[in-house]
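Here's a quick briefing on the pockets of this protein and on one of its helices. Take a look at the structure first.

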Amino acid sequence: MKLKVYADRMSQPARAVILFLKLNGINYEEVRVDIAKRQHLTPEYAEINPMKLLPAIVDGRFKLFESHAILIYLACSFPGVADHWYPADVFKRSKIHSVLD
Ligand SMILES: N[C@@H](CCC(=O)N[C@@H](CS)C(=O)NCC(=O)O)C(=O)O
């Protein structure tokens, strides 16, 4: 089942997730959720993200929101993502966390 990304490209964190996917050649389906039309406030979207914010992803039965958590999940879950995105080395990884946090 293809990874689904719930996004409105007006959203910077949504764009960050989409850029990461594109740069790493990860196959995904973008589901447009229009903030201006308040589509993120529907009960259907609340099933995806109870916080009713964008972005969010659904990967099979797994749902996740918060862009930094999503980026880390993608870096760790998809083969072929270069180590520099989320390094195994604890010192280098800590530098990534200091930027994300
Ligand atoms: N810390 C969250 C921020 C999510 C967020 O605030 N998204 C905004 C768009 S940039 C949103 O969905 N706003 C809709 C609203 O506030 O009703 C993340 O990085 O995913």
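H1, H3 and helix H4 (90-100) each put at least two residues into the lining of the largest pocket. Helices here are DSSP runs of H or I with at least four residues, strands are E runs of at least two, and both are numbered from the N terminus. This is a predicted model, where local features need pLDDT of at least 70, side-chain atom pairs count only at pLDDT 80 or more, and totals for chains, interfaces and linings use all residues. Residues are numbered from 1 along each chain as its sequence is written, and side-chain values use heavy atoms, leaving out hydrogens and water.

**Largest pocket**
- H1 gives the most to this lining, with 4 residues.
- The largest pocket holds about 220 Å³ of space.
- Of its 13 lining residues, Phe20, Leu71, Trp85, Ile96 and Leu100 are the closest to the centre.
- By class, the lining of the largest pocket has 12 nonpolar residues, 1 polar and no charged.

**Second largest pocket**
- This one comes in at about 160 Å³.
- Its lining includes Ser11, Pro13, Ile35, Phe65, Glu66 and Ser67.
- The lining of the second largest pocket splits into 7 nonpolar, 3 polar and 1 charged residues.

**Helix H3**
- Ser67, Ile70, Leu71, Tyr73, Leu74 and Ala75 are buried in H3 (residues 67-77); buried means under 20% relative accessible area with a 1.4 Å probe, protein chains only.
- Strand S1 (3-7), helix H1 (12-23), strand S3 (56-59) and strand S4 (62-65) are among what covers those buried residues.

**Pocket terms**
- A pocket is an open set of points on a 1 Å grid over the protein atoms alone, where a 1.4 Å probe fits, with protein on both sides within 12 Å along at least five of seven lines; lining residues have an atom within 4 Å of a point.

Methods:
Buried < 20%, exposed > 50% of the residue type's maximum accessible area, 1.4 Å probe, protein only. Contact = heavy atoms within 4.5 Å. Points joined across faces, edges and corners; volume = space filled by probe spheres on them. Nonpolar A, V, L, I, M, F, W, Y, C, P; charged D, E, K, R; others polar.
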